[in-house]
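Please open the model in your viewer and keep the sequence panel beside it. The stops below are given in the order in which they can be selected.

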Amino acid sequence: MSVRLKLTLSYAGFLLVGSGLLLTAAWVFLLRDKSLRIFVPAPSDLLRAFDPTNFGPQIFGAAAVVALVLLLLFGLVGGWILAGRMLAPLTHITDATRRAANGSLAHRVGLPGRQDEFRELADAFDAMLARLEAHIAEQRRFAANASHELRTPLAITQTLLDVASNDPDHDTGELVERLRAVNVRAIELTEALLLLSRADQRSFTREEVDLSLIAEEATETLLPFAEKKGVTIETSGEVARASGSHALLLQLATNLVHNAIVHNLPERGTVWVATTVHSGNVILTVENTGERLDPRLVSTLAEPFRRGTERIHSDQAGVGLGLAIVKSITQAHDGALTLVPRSAGGLCVTVRLPAAPFRRI
């Protein structure tokens, strides 16, 4: 049976039960001293209920049977209409679901009316469609950008080989060095894509880690690079225990500190790295000096293959996946990533992760 038919039978059944209880109460309290025959009429007595001249206890049973039959018909017809009106919003949601199953994600249910259970279901479905549409669009952009980025080193390699084949007297040592540099960049891009995929799939084992020690390890690793760039790194903070992958969180902190060093002032730049614990969360903050940034630009920096204000390819520009990897690792650890431009110039990046459960010793 369909849901509409089930609701119809339920309405009619409840109506009959209620009417039967009401008639039974009338007989028990008003007519129980009369003959039982008035409550269980003969078939020939049913027509007497339609005669307006007949009234009183003697036609109670016949009138009760006629009333129950009429109430049953009324309950079936009225229940069918009411159930149809109640279930009408499901028709719109079902149509939207079928369109989504066929690949159309641009439409929305847009259910009008007051805020009820069907409206909440429709709004949740619309929100899901919006997230799916944005996710698919992001995946398409990512695939297109990844194809472009992977094609670039291959095209450069092909060009270098063509030049070498056309000029046999060309210096092979220089060619080998340039090919090695292109190959290193292609390997870095491939490893970054694999790391991004690993974070997206959450294919890692969780363990308790101290975010302050991870930040310190990342800072010490990049300290020679910072000194070479003339950037000072200042660290501070408290013990910040979280639950997650040590390797991925170390990659997160390394990417943040590396970006803060690269995108800094040409001389006498500063990077601040700090960890705090607040309201059941552990927070890693990385700030740096630098040029003033447009808030609209900052909101796009975590997208794949974005490199600051331009798509530059310097020696330290990276492959454009640094903050994208940070965002993916943060989401895989059920955290939140916030990027805010500093009023004095530079960027403030905050990673907020759930604190590890407290364990008594």
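Select Asn-264, which counts as buried because its relative accessibility is 14% (buried means under 20% relative accessible area, exposed over 50%, and partly exposed in between, with a 1.4 Å probe and protein chains only). This is a predicted model, in which local features need pLDDT of at least 70 and side-chain atom pairs count only at pLDDT 80 or more, while totals for chains, interfaces and linings use all residues. Residues are numbered from 1 along each chain as its sequence is written, and side-chain values use heavy atoms, with hydrogens and water left out.

Asn-264 is found in the loop between H6 and strand S4 (269-278); helices (H or I, at least four residues) and strands (E, at least two) are DSSP runs, numbered from the N terminus. Show its surroundings, leaving aside residues up to four places away in sequence, and Asn-264 touches Val-231, Gly-269, Thr-270, Val-271, Asn-288, Thr-289 and Gly-290, where contact means heavy atoms within 4.5 Å. A polar atom of the Asn-264 side chain lies 3.3 Å from the backbone oxygen of Thr-270.

Next, select Leu-256, Ile-261, Val-271, Val-273 and Leu-284, which touch the most other members of the largest nonpolar core, a set of 48 residues. Such a core consists of buried Ala, Val, Leu, Ile, Met, Phe, Trp, Tyr and Cys residues joined through side-chain atoms within 4.5 Å. The largest share of this core, 10 residues, comes from H6. With residues up to four places away in sequence not counted, the partners of Ile-261 include Leu-222, Phe-225 and Val-271.

Now display helix H6 (residues 246-262) together with helix H8 (residues 322-332). Their axes come within 9 Å and cross at roughly 145°, the axes being lines fitted to C-alpha atoms over the stretch in contact, with angles from 0 to 180 degrees between N-to-C directions. Among the H6 residues that meet H8 are Leu-252 and Leu-256, and the H8 side includes Ile-325 and Ile-329.

Move on to Ser-279, in the loop between S4 and S5, which counts as exposed because its relative accessibility is 61%. Ser-279 has a positive phi of about 50° although it is not a glycine. Most residues other than glycine have a negative phi. Asp-334, in the loop between H8 and strand S6 (336-341), also has a positive phi, of about 60°.

Finally, select Glu-291 and Gly-346, which are 55 residues apart along the chain, with C-alpha atoms separated by 5.5 Å.

How values were computed. A polar contact is a pair of N or O atoms within 3.5 Å; within protein, one must be able to donate a hydrogen and the other to accept it, and residues adjacent in sequence count only if both atoms are side-chain atoms.
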